[in-house]
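Hi there,

Here is the structure I promised to pass on. My notes on it follow below.

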Amino acid sequence: MTINELQDGIIEEFSMFDDWMDKYALLIDLGNSLESLEDAGKTPQNIIEGCQSRVWLHAEMKDGLVLYRGESDAVLVKGIVSLLIQVLTKHTPDEIINTELYFIDKIGLREHLSPTRSNGLVAMVKQMKMYALAFKAKNS
Amino acid sequence: MDKQELLNIRADFPILSEKIYNKDLIYFDNGATTQKPRAVVEKIEEGYYHLNANIHRGVHYLSQKATEAHEAARITVAEFLKAGKHEEIIFTRGTTEAINLVATSFGEAFCKAGDEVVVSVMEHHSNIVPWQMLCERKGMTLRVIPANEKGELDIEAYKTLLNERTKIVSIAHVSNVLGTINPVAEVIRIAHQKNIPVLVDGAQSVPHIPVNVVELDADFYVFSGHKIYGPTGIGALYGKEKWLNAMPPYQGGGEMIATVTFEKTTYNELPFKFEAGTPEYIGSTALAEALRYVQAIGMDKIAAHEHDLLVYGTERLMEIEGMRIIGTADQKSSVISFLVGNIHPYDIGMLLDKLGIAVRTGHHCAQPLIDSLGIPGTVRASFAFYNTKEEIDVFVTALKRVVTMLE
């Protein structure tokens with residue numbers, strides 16, 4: 001599936017809920033079911049410090065595709081980390097670099113990505129693209 | 001405070017009847033800033049509409065009136081803090097600027113390499129960083145008073161920190177995270193035995209408990225207007241005349257000078273020496289209005305009502321399984337920091353927000369304290385006199401729902 005098809009899938013999944021609390025319940029489920037980054041992955045190198053919560057992001061390149069893994073100490077943030085990984089993992093660096101992440105707006109979670117929340121997510125999105133750029137540069 | 005009185009008070013604060021996400025706003029973030037009564041907002045409006053002219057030195061009518069209002073505000077602040085002389089009140093942008101002023105000017109006059117500054121483990125960053133900057137500039141050392149597990153200062157340890165190198169002690173009257181009311185009178189008495197002056201950070205105390213700087217014998221006492229129902233951008237520094245006179249100016253500019261030539265400038269007398277530039281004269285006037293507002297209710301009455309809220313809120317919160325209150329000092333202001341089980345504070349705060357409840361989450365600008373407690377932060381509910389037990393009930397119900405979702 002393309003990145004945009006994945007984004008559309010998430011938008012559809014969230015559109016089933018009118019109530020905010022239901023959306024958040026889904027986000028919590030996603031957060032809880034995200035495969036945790038074992039301690040070895042929670043290195044200082046992988047940490048993205050937010051003022052409110054912390055995010056860890058690990059990326060590697062395999063067969064031309066970028067694989068992401070991530071985690072957060074706050075479950076709502078972890079839910080969004082899970083969505084970002086679902087959308088971007090196992091794609092080529094070019095696909096990732098050229099993606100516009102519109103699903104966050106569409107499912108009403110933009111506020112979590114506002115810099116004023118300082119939960120590390122803005123930096124995470126930036127970092128995901130940075131990894132893709134770095135892998136691209138390394139392979140070309 | 002009876003029910004009708006509380007309703008009347010709430011009616012003075014229009015924002016309290018706002019809806020957030022279609023739900024009644026419950027504002028429990030008063031430790032960060034407080035809401036403003038109509039009288040304060042009207043004072044700002046009146047100032048800009050009818051009294052606006054740059055103060056001091058103006059010969060015309062409006063300038064005279066604006067100057068009178070600003071100087072009357074200084075007297076109101078002095079009386080509120082029970083300061084002896086109104087020249088001992090310096091208007092600042094708030095607590096942070098007031099502490100920076102003292103750290104810079106007092107530091108310049110009295111500190112040298114090898115000297116020490118004493119703060120406590122529960123300080124807000126605003127009462128840590130200015131002193132750290134002074135220490136870096138001068139080659140001094142910052143010493144830290146520890147606290148016990150309830151969040152009370154370790155006075156015995158404090159005594160051992162004071163020595164002939166200690167130049168100043170700077171301490172919060174009330175902790176913004178733990179709610180602890182520190183025994184500042186005792187802290188000051190102990191420091192004075194060694195002739196060490198004490199600055200008290202009153203940001204979290206002035207809005208909630210009666211303060212008498214002369215009785216406390218504080219050398220410096222600082223607070224912010226916006227935390228006591230006044231406007232942002234205005235606060236005050238009380239300083240004993242003998243210190244303020246011996247300290248060099250903080251910033252240079254207009255207002256703070258007596259005469260200026262390119263060869264030499266002489267400085268104005270107190271309080272103007274420390275008020276460079278056009279003062280926040282609309283803000284000062286509105287701050288005075290806020291002080292009159294709380295005085296009309298009575299600080300004792302406010303403290304009593306908020307104590308009721310603290311006791312009731314603590315009791316109700318303890319119903320929740322896994323509840324852990326951070327800060328259980330015997331003397332406590334109306335601040336409740338807590339954690340539930342292993343749930344991250346951010347998650348609780350975000351979900352409570354969706355239910356119209358404003359609390360604060362995180363380290364509350366007191367990272368060293370949070371680190372010393374070995375926790376990721378807290379959720380903090382901080383009450384003001386306009387809050388009610390009914391709001392606490394709604395909050396506890398919402399919190400129970402949120403915790404169920406997150407567990």
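Chain B has 14 helices and 17 strands, counted as DSSP runs (H or I of at least four residues for helices, E of at least two for strands) and numbered from the N terminus. This is a predicted model, where local features need pLDDT of at least 70 and side-chain atom pairs count only at pLDDT 80 or more, while totals for chains, interfaces and linings use all residues. Residues are numbered from 1 along each chain as its sequence is written, and chains are lettered from A and ligands numbered from 1 in the order in which they are written.

On the sheet: seven strands of chain B form an open sheet in the order S4-S10-S9-S8-S7-S5-S6, with mixed pairing; two strands pair if DSSP finds at least two bridges between them. At the edges are S4 (89–92) and S6 (141–145) of chain B, each pairing on one side only. Inside chain B, S7 (residues 166–172) and S8 (residues 198–201) pair in the parallel sense over four bridges, and Ala172(B) stands opposite Asp201(B) in S8(B).

As for the contact between the chains, chain B brings eleven residues and chain A 14 residues, where contact means C-beta atoms, placed from the backbone, within 7 Å. On the chain B side, H12 (345–354), S16 (360–362) and H14 (389–406) each give two or more residues, and H12(B) gives the most, with five residues.

Finally, the C-alpha atoms of chain B fill a box of roughly 70 × 55 × 35 Å along the principal axes.

Happy browsing!

Terms used
Two residues are in contact if their C-beta atoms, placed from the backbone, lie within 7 Å.
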